[in-house]
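Please look over the model below. My notes cover a pocket first, then a pair of helices.

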Amino acid sequence: GEDTLSLHDALPIWRGPMLHRAIEQFLCDVYWGDLDFLLVDLPPGTGDVAISLGQLLPTAKTIVVTTPQVAAAEVAERSGSVGLQTGQSVFGVIENMSWLIQPDGSRLELFGQGGGQAVADRLTKIAGEPVEVLGQIPMSITLREGSDQGRPVVLGEPTDPAAQVIIEIAQKIASAKLG
C-alpha cells in the first residue's frame with residue numbers, strides 16, 4: 001500500500017556509518033511481532049546494506065538470486081560470498097528467468113543456461129557445505145502481469161509454471177524453518 005515504508009524508500013542515498021545505524025534501528029527498534037521470516041530484498045552487489053545486515057543478523061541465511069547469464073552469476077556469487085564472510089550461511093540459490101516456454105512446450109533459454117547451478121557449486125566450495133539450487137523460475141507473461149497489478153502469480157494463477165516453481169521454493173524455505 002501507499003503507507004508501506006520499505007528499507008529502500010527510507011535509505012536511498014545514505015552510506016557508511018549513517019546507513020549502518022539506520023539499518024540497525026530498522027531491525028532493532030521496529031516491533032516486528034512474532035516473525036517466522038524477515039525477508040530483505042537487496043539489489044545485486046556487495047554494498048553497505050549487505051555488509052551491515054551480515055553484521056547485525058549473523059545467524060541469518062542468504063538466498064542468492066541470479067539469472068542463467070555468466071555475468072549475473074558472477075555478481076550473485078560475490079553477493080553470496082559477502083554473507084559467508086560476515087558469518088551467515090547460504091540457504092540456497094534461485095535462478096530467475098531460466099527460460100521461456102514456447103507454444104510447442106519447448107524451452108527457449110534466452111539468457112543461456114547453468115548460471116544458478118554454477119553459483120551454487122562455487123558457493124558450496126567457498127562455504128564448505130552444500131548449497132542447492134532451490135528452483136529455476138521460467139519467464140512468464142502471467143507473472144509479469146500479476147507483478148504489474150500487485151497480484152502475486154501464486155494467488156492469481158497458481159497453475160502457471162512460474163507460480164508452481166515459486167510455490168515449491170516457498171515450501172522448501174518453510175520446511176527448513178519447521179524442520
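1. Pocket lining, by element. α3 (48–56), β1 (61–66), α4, β2 (89–101), α6 (141–149) and α8 (161–178) each supply at least two residues of the lining of the largest pocket. The top contributor is α4, with 7 residues. Helices (H or I, at least four residues) and strands (E, at least two) are DSSP runs, numbered from the N terminus.

2. Basis. This is a predicted model, where local features need pLDDT of at least 70 and side-chain atom pairs pLDDT 80 or more, while totals for chains, interfaces and linings use all residues. Residues are numbered from 1 along each chain as its sequence is written, and side-chain values use heavy atoms, without hydrogens and water.

3. Pocket size and make-up. The volume of the largest pocket is about 1,800 Å³. Its lining counts 46 residues, with L39, V40, K61, T62 and I63 nearest the centre. By class, 30 are nonpolar, 12 polar and 4 charged. (Ala, Val, Leu, Ile, Met, Phe, Trp, Tyr, Cys and Pro count as nonpolar, Asp, Glu, Lys and Arg as charged, the others, Gly among them, as polar.) A pocket is an open set of points on a 1 Å grid over the protein atoms alone, where a 1.4 Å probe fits, with protein on both sides within 12 Å along at least five of seven lines; lining residues have an atom within 4 Å of a point. Volume is the space filled by probe spheres set on the points, which are joined across faces, edges and corners.

4. Helix pair. α4 (residues 70–85) and α5 (residues 115–127) pack at about 30 degrees, axes 9 Å apart. They are therefore roughly parallel (angles under 35 degrees). Axes are lines fitted to C-alpha atoms over the stretch in contact, and angles run from 0 to 180 degrees between N-to-C directions.

Terms used:
Parallel < 35°, antiparallel > 145°, perpendicular 65-115°, else oblique.
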